[in-house]
Amino acid sequence: MRILFIIQGEGRGHLTQALTLENILSEEGHEIVSVLVGKSPVRQLPDFFKKKMKAPIDTFESPNFLPSAKNKQPNLLKSIGYNILRLHTYASSIRFIHQKIKETKADVVVNFYELLTGLTYLFCRPQAIMVCIAHQYLFLHPDFTFPKLNKVELASLKFFTQVTSIGAYKRLALSFRKMRDLPSEGLVVIPPLLRKEVLEIEPTEGNYLHGYMVNYGFAEEIQNWHLAHSQIHLHFFWDKKDTPAQTQIDSTLTFHQLDDTSFLQYMAGAKAYATTAGFESVCEALYLAKPILMIPSHIEQICNAYDAMQIGAGATNENFNLDILLELSKNHTPNLLFRNWVKQARWIILREFRPDLLLEERPTPLVQKIATRWVVKLGHKFLF
């Protein structure tokens with residue numbers, strides 16, 4: 001099959017998932033004809049992705065949350081105003097996506113949670129079969145347990161998730177654990193798509209703490225903790241623009257630019273791991289048996305952290321208090337069931353991408369009816 005990827009470029013999770021899926025599908029004989037990545041002015045496409053993705057890459061302007069003044073949590077009001085002013089740009093992006101689907105003659109479009117892909121299928125109705133894949137689709141599963149959240153924020157999250165999958169044949173929901181599939185809703189629960197390097201690396205327990213921040217504003221918290229614990233070695237990764245590969249604060253604190261090989265090596269050898277609770281890196285730490293401190297910066301990560309805690313991943317906190325992480329590392333018990341679940345990912349993915357199911361039967365996009373119903377229902381609720 002000729003397959004086109006469309007990826008939301010926020011963070012590293014969707015990007016590494018796309019690299020893993022490209023390898024699985026290419027080895028099975030499918031062709032990844034093009035990769036489109038939604039970008040924003042506050043993010044840059046990591047070098048590791050550009051180097052490792054074999055298919056040609058194009059970018060387009062996509063809606064995104066703008067960070068707060070301290071570059072920690074997203075600034076919701078500022079983000080809404082900014083994105084409204086750029087609607088004309090996003091309309092151009094939708095036309096670009098539609099044109100690329102036609103140019104590449106793609107049989108299948110794989111959407112990694114990019115909002116404009118759903119809108120392209122809503123307004124332009126491309127002929128290519130769309131399959132959506134992301135952890136966020138698990139938020140639509142009736143068995144998923146949420147923490148206590150603001151009802152409007154939770155409804156907004158589900159609404160956004162539904163819009164990304166308008167026109168899809170099915171949604172593959174990445175999950176920490178096995179859950180029942182919902183064929184009538186076009187929802188299939190699958191294991192995390194961890195890179196081959198993660199599955200093959202041998203973890204050890206070093207003398208340092210490892211971490212990742214999706215917003216570099218958290219670096220101030222880490223430096224403040226470090227001032228009182230300078231004897232503890234820290235290696236943290238960020239995506240701060242215009243900084244060198246390594247920013248060494250002193251002999252025991254170093255900030256690293258995001259690099260997948262270096263990131264994994266530090267992960268494998270760490271005593272424990274601290275993160276802003278992105279799904280992908282939490283899965284990597286779980287697989288490598290590292291205790292995790294999760295500091296969510298927005299609603300999706302709050303849900304991720306709560307879900308991960310249910311399977312013994314570690315603890316959550318409002319800030320980078322690494323004392324909690326040191327305490328966790330003393331008596332952490334690895335989750336072996338998670339490792340076994342992850343190892344099933346390849347055959348489950350190949351089952352869901354069988355050409356005879358996707359192309360020969362030309363399935364009716366059940367998800368389009370479901371998602372459109374949600375769009376109308378929730379949109380009416382918000383507006384009226």
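# Briefing on the predicted model: helices, cores and aromatic pairs

His-14 touches Ile-7, Gln-8, Phe-112, Tyr-113, Ala-134 and Gln-136, leaving aside residues up to four places away in sequence. The residue belongs to helix α1. The model described here is predicted. Its chain holds 16 helices and 14 strands, and buried residues account for 57% of its 384 residues.

**Overall fold**

- Among contacts between residues at least 6 apart in sequence, 68% join residues at least 24 apart.
- The chain has an accessible surface of about 16800 Å², and carbon and sulfur atoms contribute 54% of that area.

- Helix α1 covers residues 13-27, which is 15 residues. From first C-alpha to last it reaches 22 Å, close to the 21 Å expected at 1.5 Å a residue.
- The helix is mostly covered, with 12 of its 15 residues buried.
- The buried set consists of Gly-13, His-14, Leu-15, Thr-16, Gln-17, Ala-18, Leu-19, Thr-20, Leu-21, Glu-22, Ile-24 and Leu-25.
- His-14 has a relative accessible area of 8% and is therefore buried.
- Just after α1, Gly-29 adopts a positive phi of about 100 degrees.

**Nonpolar cores**

- The largest nonpolar core contains 104 residues, and the members that touch the most others are Phe-5, Phe-49, Ile-349 and Phe-353.
- A second, separate core has 19 residues, including Ala-219, Ile-222, Ile-295 and Phe-320.
- Phe-49 touches Ile-7, Leu-15, Ala-18, Leu-19, Val-35, Val-37 and Ile-57, again without counting residues up to four places away in sequence.

**Aromatic pairs and charges over rings**

- A search of the whole structure finds 17 aromatic pairs.
- In one of them, the rings of Tyr-113 and Tyr-137 have centres 5.6 Å apart and planes at 75 degrees, so the pair is edge-to-face.
- This pair links distant parts of the chain, its members being 24 residues apart. Tyr-113 lies in the loop between β4 (108-112) and α5 (115-123), whereas Tyr-137 lies in the loop between β5 (129-134) and α6.
- Tyr-113 counts as buried because its relative accessibility is 0%. Tyr-137 is likewise buried, with a relative accessible area of 0%.
- One aromatic cluster is formed by Tyr-208, Tyr-212, Phe-237, Phe-263, Tyr-266 and Tyr-273.
- The charged end of Arg-12 sits over the ring of Phe-263, at 4.3 Å from the ring centre. Phe-263 is a member of the aromatic cluster.
- The charged end of Arg-339 sits over the ring of Tyr-287, at 4.1 Å from the ring centre.

**A buried loop residue, Ile-166**

- Ile-166 is found in the loop between α6 (151-164) and β6 (170-174).
- The residue counts as buried because its relative accessibility is 1%.
- Ile-166 and Leu-119 are separated by 47 residues in sequence, and their C-alpha atoms are 7.0 Å apart in space.

- Most residues other than glycine have a negative phi.
- Lys-105, although not a glycine, has a positive phi of about 55 degrees. Its place is in the loop between α4 (87-104) and β4.
- Lys-105 counts as exposed because its relative accessibility is 64%.
- Arg-125 is not a glycine either, and its phi is positive at about 50 degrees. This residue lies in the loop between α5 and β5.
- Arg-125 has a relative accessible area of 49% and is partly exposed, since exposed requires over 50%.

**Helix α11**

- Helix α11 (residues 299-309) is mostly covered, with 8 of its 11 residues buried.
- Its buried residues are Ile-299, Glu-300, Gln-301, Cys-303, Asn-304, Ala-305, Asp-307 and Ala-308.
- These buried residues pack against α6, α10 (279-287), β13 (292-294) and β14 (314-316).

Technical notes:
Residues are numbered from 1 along each chain as its sequence is written. This is a predicted model: local features need pLDDT of at least 70, side-chain atom pairs count only at pLDDT 80 or more; totals for chains, interfaces and linings use all residues. Side-chain values use heavy atoms; hydrogens and water are left out. Helices (H or I, at least four residues) and strands (E, at least two) are DSSP runs, numbered from the N terminus. The expected span of a helix is 1.5 Å times one less than its number of residues. Buried means under 20% relative accessible area, exposed over 50%, partly exposed in between (1.4 Å probe, protein chains only). Contact means heavy atoms within 4.5 Å. Accessible areas come from the Shrake-Rupley method with a 1.4 Å probe; for residues, only the protein chains shown count as cover. A nonpolar core is a set of buried Ala, Val, Leu, Ile, Met, Phe, Trp, Tyr and Cys residues joined through side-chain atoms within 4.5 Å. Rings of Phe, Tyr and Trp (its six-membered ring) pair if their centres lie within 6.5 Å; planes under 30 degrees apart count as stacked, over 60 as edge-to-face and the rest as tilted. A charge sits over a ring if NZ of Lys or CZ of Arg is within 6 Å of the ring centre and within 35 degrees of the ring normal.
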